[in-house]
Every structure is written in structure tokens, then in C-alpha cells.
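Have the picture open while you read.

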Amino acid sequence: MEFKTIIYQKAGHAAVVTVNRPNKLNALDADVIQELDSALDLAEPDKDVAAVIITGAGDKAFVAGADIARIRDLTVITAKDFSERGQALFNRIEKFKKPVIAAVNGYALGGGAELAWACHIRISSRGAIFGQPEVNLGIIPGYGGTQRLARLAGRGIAAELIITGEQIDATRAYELGLVNRVVEQAELIPTAQKMAESIAQRGPIAVRLALQAIDASVQLPQDEGMKIEAQLFALSCGTADQKEGVAAFLEKRKPVWKGA
Ligand code: COA
């Protein structure tokens, strides 16, 4: 598939998706949103892809936000559509059946931060900058930032970042639990790829069900989440992979997953 605003590459068991508008600091316009969705269409059924890595082109920006030029002309009606389109993509990422890793290589601002929050795991380069600067434009986050940031870091931190619009560096983001790891820029993609290869060694259905159960923890009250966990645990025990995983352990060999 030909893309204009992203690059889709397979490397080992990862699909590496690079937002590629470096002259605009990889800002998200309608084409990027649509092409990221198409990239997920490619990755989802591909048996060779164990995880998706999302990053930005160049050393400066992961994604510096929604395209501000497009925000200028929004009306009350078109703004709602604009917000819902971005939310739909980020919801799809959050609920994606394979792990999605954000490899944050620079500015992750506004919609860029929201994209990172929607991913399952965030790895950051040491020089990356995170922020929700929308209030500087007289608007609020519209791609899920108010909801996901509060759930990720707590209400107080979300309020501070969103209401002050202040930006934080990777070390502070790590202290706040917003990123899993901070590495040197040169190590960013290799670290994400190593993680993807590690995931590729595990039972693919178990990985998928685990993501689903973890998602329930943020969406549902704990008692309801426990019920989902028990159901998904039961489901995992009905798979050929469960038989294989347990047999391989007992026979002291590596499992050969069927994904069934
Ligand atoms: N939307 C559209 N274009 C953007 C953009 C965005 N979110 N962020 C950066 N760009 C464009 C700039 O307009 C500039 O384009 P130009 O060369 O055609 O003028 C280009 O990317 C480079 O950005 P520039 O501002 O010159 O780089 P800088 O190093 O001086 O500053 C930032 C970097 C990230 C601090 C600054 O670009 C910025 O504040 N961006 C907006 C961040 C934001 O508010 N995001 C939330 C949007 S809801």
C-alpha cells in the first residue's frame, strides 16, 4: 500500500509505523489519521507482526500535535467531527489486538502526547518533550487527553499538565509513570524492536487476551474487571497454545505456538 504521510516497514516481528511530515514536526492532519488507521489494517491480520511500533520521522519530533492550520477553521460542528475522528483512531490503538509501542523520539505535544498515551507501552528518548499545550491555543485536548492522562497519571497531574500547558522532559515523564523507559535516541528503535521480539516469543493469544484484561482495568470497576479476567483466563485455558506452553515447560523445551 502506498502512503503519503507515514512509512510502514516490517522489521523482524514488528511493524514500524513512522509519521512522516518532518517539516511540520509530524503534525497530525486528516491524511495522517487515515493512513495510521490503514497501517493498523495491515498489521492486524499479519501473522508475522507481533507488535506495532509508532514513531516520528527525524530527531526533533514524535508528533507535535494536531495540525494547527486545520484547527483554525473549525466550527462547533466540524470540531466535534474532528475530535471524534482522532478519538476513534486512538481508541482503536488502545484496544488493538496486538501491543502498540510508542517510540517517542522528540516533541510529543497535544495530539502527539495523546497518541503516546493511547499506546500500550511508551519508550522515550532522553531528549523527548511531553505536553498538552492546547490551552495556549484557547482549546482543550480533543483526542482523549483529558481522559487517558487522568487515568495514567492521576487527576492532579493531568490537571497540572493540561491547565498550565507546561511541557515536561522525559525524566519527569518517567517519574510520573507516563513512560516505561527512557533511553538514548540511538537506542530508541532498537529497544522497541527488542521488546517486540520478546513479545513475539510469547503465546500470541495470551498476549491478546492479556491486553484485553488490562484494558478492562481502566474501563470498569474492579469487581467487573475481575469477572472479565476470569473469563479471559478460562478462554486462554481452552487454547492449543495453553496445552503447548505448559507441555513445553514440563518437557524443558521452547514452545511452538500455533496462535490457536
Ligand atoms: N501543527 C502544524 N504545524 C506545526 C505544528 C502543529 N502542531 N507544530 C509545528 N509545526 C510546524 C511549524 O509551523 C513550522 O512550520 P513552517 O516551517 O512551515 O513555519 C514547522 O513545523 C517547524 O516548527 P517550529 O515552530 O518552527 O519549530 P521550533 O523548533 O521553533 O518549535 C515547537 C518547536 C514544538 C515548540 C513548536 O513547533 C510548537 O509549539 N508547536 C505547536 C505545538 C502545539 O501547540 N501542539 C498542540 C496542537 S493542538
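Before we start, here is a rule for strands: two strands pair if DSSP finds at least two bridges between them. Helices (H or I, at least four residues) and strands (E, at least two) are themselves DSSP runs, numbered from the N terminus. With that in hand, look at S124, which stands opposite V182 in β10.

A quick word on what you're looking at. This is a predicted model, so to speak of a local feature we need pLDDT of at least 70, side-chain atom pairs count only at pLDDT 80 or more, and totals for chains, interfaces and linings use all residues. Residues are numbered from 1 along each chain as its sequence is written, and side-chain values use heavy atoms, with hydrogens and water left out.

**The whole chain**

The protein chain has eleven helices and ten strands. Its C-alpha atoms fill a box of roughly 60 × 40 × 35 Å, taken along the principal axes. What about its radius of gyration? That value is taken over C-alpha atoms, and the globule rule is 2.2 Å times the number of residues to the power 0.38. For 260 residues, a compact globule would come out near 18 Å, and the protein chain has 19 Å, which agrees.

How much of the chain is buried? Buried means under 20% relative accessible area, exposed means over 50%, and partly exposed is in between (1.4 Å probe, protein chains only). Buried residues make up 46% of the 260 residues.

Which strands pair with β7? Strand β5 (residues 100-104) is joined to β7 by four bridges, and the two run parallel. In that pair, A103 stands opposite I123. Strand β10 (residues 181-183) is joined to β7 by three bridges, also running parallel.

**A four-stranded sheet**

There is also an open sheet of four strands, in the order β4-β6-β8-β9, with mixed pairing. Its edge strands are β4 (61-63) and β9 (168-169), each of which pairs on one side only. β4 and β6 are parallel partners over two bridges, and A108 in β6 is the bridge partner of V63.

**Around the ligand**

A residue is near a molecule or strand if one of its heavy atoms lies within 4 Å of it. By that rule, 16 residues surround the ligand, and the closest are K24, K60, A64, A66 and I68. How does this shell divide by type? Ala, Val, Leu, Ile, Met, Phe, Trp, Tyr, Cys and Pro count as nonpolar, Asp, Glu, Lys and Arg as charged, and the others, Gly among them, as polar. The shell has ten nonpolar, two polar and four charged residues.

| Residue (backbone atom) | Ligand atom | Distance |
|---|---|---|
| N23 | oxygen | 3.3 Å |
| A66 | nitrogen | 3.0 Å |
| I68 | nitrogen | 2.9 Å |

The protein covers 60% of the 860 Å² of accessible area that the ligand has on its own. Such areas come from the Shrake-Rupley method with a 1.4 Å probe; for residues, only the protein chains shown count as cover. The elements that give two or more residues to the shell are α2 (68-71) and β6 (107-109).

**A few single residues**

S83 lies in helix α3 (residues 76-94) and is buried, with a relative accessible area of 18%. A polar atom of the S83 side chain lies 2.6 Å from the backbone oxygen of G142.

Most residues other than glycine have a negative phi. Yet N26, in the loop between β2 (14-19) and α1 (30-43), has a positive phi near 60 degrees. K252, in the segment after α11, has a positive phi of about 55 degrees.

Methods:
Polar contact = N/O pair within 3.5 Å; in protein donor to acceptor, adjacent residues only side chain to side chain.
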